[in-house]
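This report describes one protein chain, going from single residues to the chain as a whole. Please look at the sequence and the 3D structure before reading on.

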Amino acid sequence: MDTAVLVAAFRSDVGASRRVLKAALQRRFPLLLSAPLMLEYEAVLCRPEHLAASGATVEEVREVLDGMAAVAKQIRFAFRWWPALRDPKDDMVLETAINGGAHAIITLNKRDFIPIAVQFGCAVTSPGDFLRELERRNQER
């Protein structure tokens, strides 16, 4: 999950990003996390502008991140493909996804991820598209 998706999940309680976060916490899909990615999540979510917009406190941010860490598969960070993307912070997302064998990267910035992620057999999807696919798979069961 790209950092921007998590930021959107905190800033709006009605959007697809929030529903993706809830689905991750409910273990409806395998969430992959690495230590650098978690540190990035915390640093970005605890910026004053995001705390103000979301109404969350630093403690609440950390509580959600702890919940994510509790349900996620922890991925060792190996720095194998850096730099690959325009934004170096996006490389953390890519590295975690590839090292963890992710089926997809959930992002609000598909354009930057697609050229590289697909080379590794990893789809790139928006939160809304991901939720539709998750629902479809649940209905097929």
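## Asp 90 and helix α6

Asp 90 sits in helix α6. Helices here are DSSP runs of H or I with at least four residues, strands are DSSP runs of E with at least two, and both are numbered from the N terminus. The model is a predicted one, in which local features need pLDDT of at least 70 and side-chain atom pairs count only at pLDDT 80 or more, while totals for chains, interfaces and linings use all residues. Residue numbers start from 1 along each chain as its sequence is written, and side-chain values use heavy atoms, with hydrogens and water left out.

Is Asp 90 buried or exposed? Its relative accessibility is 7%, and Asp 90 therefore counts as buried. Buried means under 20% relative accessible area, exposed means over 50%, and partly exposed is in between, with a 1.4 Å probe and protein chains only. Leaving aside neighbours within four places in sequence, Asp 90 is in contact with Asp 2, Leu 85, Asn 109, Asp 112 and Phe 113. Contact means heavy atoms within 4.5 Å.

Met 92 is also found in helix α6, which covers residues 88-100. Met 92 is buried, with a relative accessible area of 10%.

## The aromatic pair

How many aromatic pairs does the structure hold? It holds one. Rings of Phe, Tyr and Trp (its six-membered ring) pair if their centres lie within 6.5 Å; planes under 30 degrees apart count as stacked, over 60 as edge-to-face, and the rest as tilted. The partners are Phe 29 and Phe 130, in an edge-to-face arrangement with 4.7 Å from centre to centre and 75° between the planes. Phe 29 lies in the loop between α2 (16-25) and β1 (32-33), and Phe 130 lies in helix α8 (residues 127-140), so the pair ties together parts that are 101 residues apart in sequence. Phe 29 is buried at a relative accessible area of 11%, and Phe 130 is buried at 14%.

The loop between α2 and β1 is also the place of Arg 27. Arg 27 is not a glycine, although it has a positive phi of about 60°. With a relative accessibility of 57%, Arg 27 counts as exposed.

## Other residues along the chain

Ala 69 is placed in helix α5. At 31% relative accessibility, Ala 69 counts as partly exposed. Not counting residues up to four places away in sequence, Ala 69 touches Leu 33, Met 38 and Gln 74.

Gly 55 lies in the loop between α4 (48-54) and α5 (58-71). Its relative accessibility is 57%, and Gly 55 counts as exposed. Arg 141 belongs to the segment after α8. Arg 141 is exposed too, with a relative accessible area of 79%.

The table sets sequence separation beside C-alpha distance for some residue pairs.

| Pair | Separation in sequence | C-alpha to C-alpha distance |
|---|---|---|
| Gly 55 and Ser 17 | 38 residues | 17 Å |
| Ala 69 and Ala 35 | 34 residues | 9.5 Å |
| Arg 141 and Ala 35 | 106 residues | 33 Å |

## The chain as a whole

The protein chain has eight helices and four strands. Read from the N terminus, its elements follow the order α-α-β-α-α-α-β-α-β-α-β-α. The radius of gyration is 14 Å, close to the 14 Å that the globule rule gives for 141 residues, so the chain is as compact as a globular protein of that length. This radius is taken over C-alpha atoms, and the globule rule is 2.2 Å times the number of residues to the power 0.38. Along its principal axes, the C-alpha trace spans about 40 × 40 × 25 Å.

Of the 141 residues, 43% are buried. Among contacts with a separation of 6 or more, 55% are between residues 24 or more positions apart. The accessible surface of the chain is about 7700 Å², and 52% of it belongs to carbon and sulfur atoms. Accessible areas come from the Shrake-Rupley method with a 1.4 Å probe; for residues, only the protein chains shown count as cover.
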